[in-house]
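Me: Please take a close look at one strand of this chain. I want to know what covers it, what pairs with it and where the chain goes next.

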Amino acid sequence: MASRGSAGDPLRRRPVSAATRARVEDAVRRLGYQADPSARGLRTQRTDTIGLVVPDITNPFNTELAAGIQAVAYARGLLTVVCEAPMTDGPQLPAVLGQLTAPRLDGIVLGRFGAQRADLDLIAGSGARLVRLGTRIADGPGDVVRGAETEGMRGLVRYLVGERGYRRIGFIGGEAGVEPGCERYEGYRQALAEAGRAVPEDLAVWTGFTREGGRAGAARLLDAAEPPDAVVCANDLIAIGALDVARERGLDVPGQLAVTGYDDIDAASMVSPALTTVINPAREIGRSAARLLIDRLDADEGPAREVVLTHQVVRRTSA
């Protein structure tokens with residue numbers, strides 16, 4: 001952990017002679033003494049540690065998110081602890097939060113969508129500062145960092161309809177009722193309504209935010225009586241799974257089926273064909289979340305704050 005400088009040096013807080021200071025500093029160098037952070041924490045009521053909770057640590061988006069948080073936290077001498085609470089295991093999130101709040105971490109970034117109000121109250125009640133990702137201020141305590149999810153998906157579907165001319169567009173979401181899939185679905189619905197089209201209820205499916213979820217969702221859509229000519233996916237992993245199914249069925253992408261993702265993880269530009277997607281700046285989201293936490297640690301006052309990052313459509317060859 002990075003040093004906090006001379007402010008934490010007891011020799012500089014008390015008057016001592018130059019000779020005494022020299023002897024003590026020489027002993028510190030020879031013995032390799034380091035201050036005990038736990039002892040300092042008893043005095044300052046700080047642990048100099050923040051936590052990040054995500055549903056899937058293997059998702060490349062969450063890797064970038066953690067890197068952004070750690071870059072800012074490390075520069076301020078804070079340790080970052082990353083924990084996973086899968087969405088498929090309901091009781092796991094309270095258990096993880098209980099472990100993080102028992103020693104009272106200084107702050108927690110909650111990137112686990114679908115959290116309940118009781119989960120948020122547990123964090124706030126522990127005294128830890130809280131930053132929520134992907135939700136809105138009104139949904140609970142703490143500050144918020146989120147992307148313009150609805151606007152980003154609306155822009156993508158507008159592109160498919162207005163510039164590419166696709167007529168029957170399907171949607172594959174993550175878990176039903178869970179952010180950010182719900183907000184991205186709303187953008188999909190709004191763009192179709194703006195184009196004077198009804199949402200094809202048989203072409204909107206909910207699976208999971210994984211490649212396997214994308215495979216399952218794409219299979220269902222392609223088995224419909226009237227399959228789509230384009231599929232928009234709630235994240236890039238889902239879209240990669242949809243590409244798998246299109247390839248297995250011998251479909252030309254984008255000639256017979258367009259496939260788009262969301263997030264613009266590194267793999268989006270590496271698959272074939274490269275994914276048309278929406279940039280969701282994970283690293284900047286992480287940096288913004290860490291800055292909000294540190295601001296609260298420095299001066300925990302004022303109303304809750306919300307940072308909204310804009311999204312941008314990336315046009316590649318899958319659509």
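This is a predicted model: local features need pLDDT of at least 70, side-chain atom pairs count only at pLDDT 80 or more; totals for chains, interfaces and linings use all residues.

Reply: Numbering starts from 1 along each chain as its sequence is written, and side-chain values use heavy atoms, without hydrogens or water.

Take strand E8, residues 230–233 (strands are DSSP runs of at least two residues, helices of at least four, numbered from the N terminus). In a regular strand, side chains alternate between the two faces of the sheet. Here Ala230 and Val232 belong to one side of E8. Val231 and Cys233 belong to the other. All four are buried (under 20% relative accessible area, with a 1.4 Å probe and protein chains only). Both faces of E8 are therefore covered.

Now the pairing (at least two DSSP bridges between two strands). Strand E6, residues 169–173, is joined to E8 by 4 bridges. E6 and E8 run parallel. Within this pair, Ile172 has Cys233 as its bridge partner. Cys233 is one of the buried residues of E8.

Strand E9, residues 258–260, also runs parallel to E8. The bridges between E8 and E9 number 3. Val232 of E8, also buried, stands opposite Thr260 in E9.

How does the chain get from E8 to E9? It passes through helix H9, residues 236–248. This β-α-β crossover is right-handed: with the strands pointing away from the viewer, the path from the first strand over the helix to the second runs clockwise.

In short, E8 is covered on both faces and pairs in parallel with E6 and with E9.

Notes: Buried means under 20% relative accessible area, exposed over 50%, partly exposed in between (1.4 Å probe, protein chains only).
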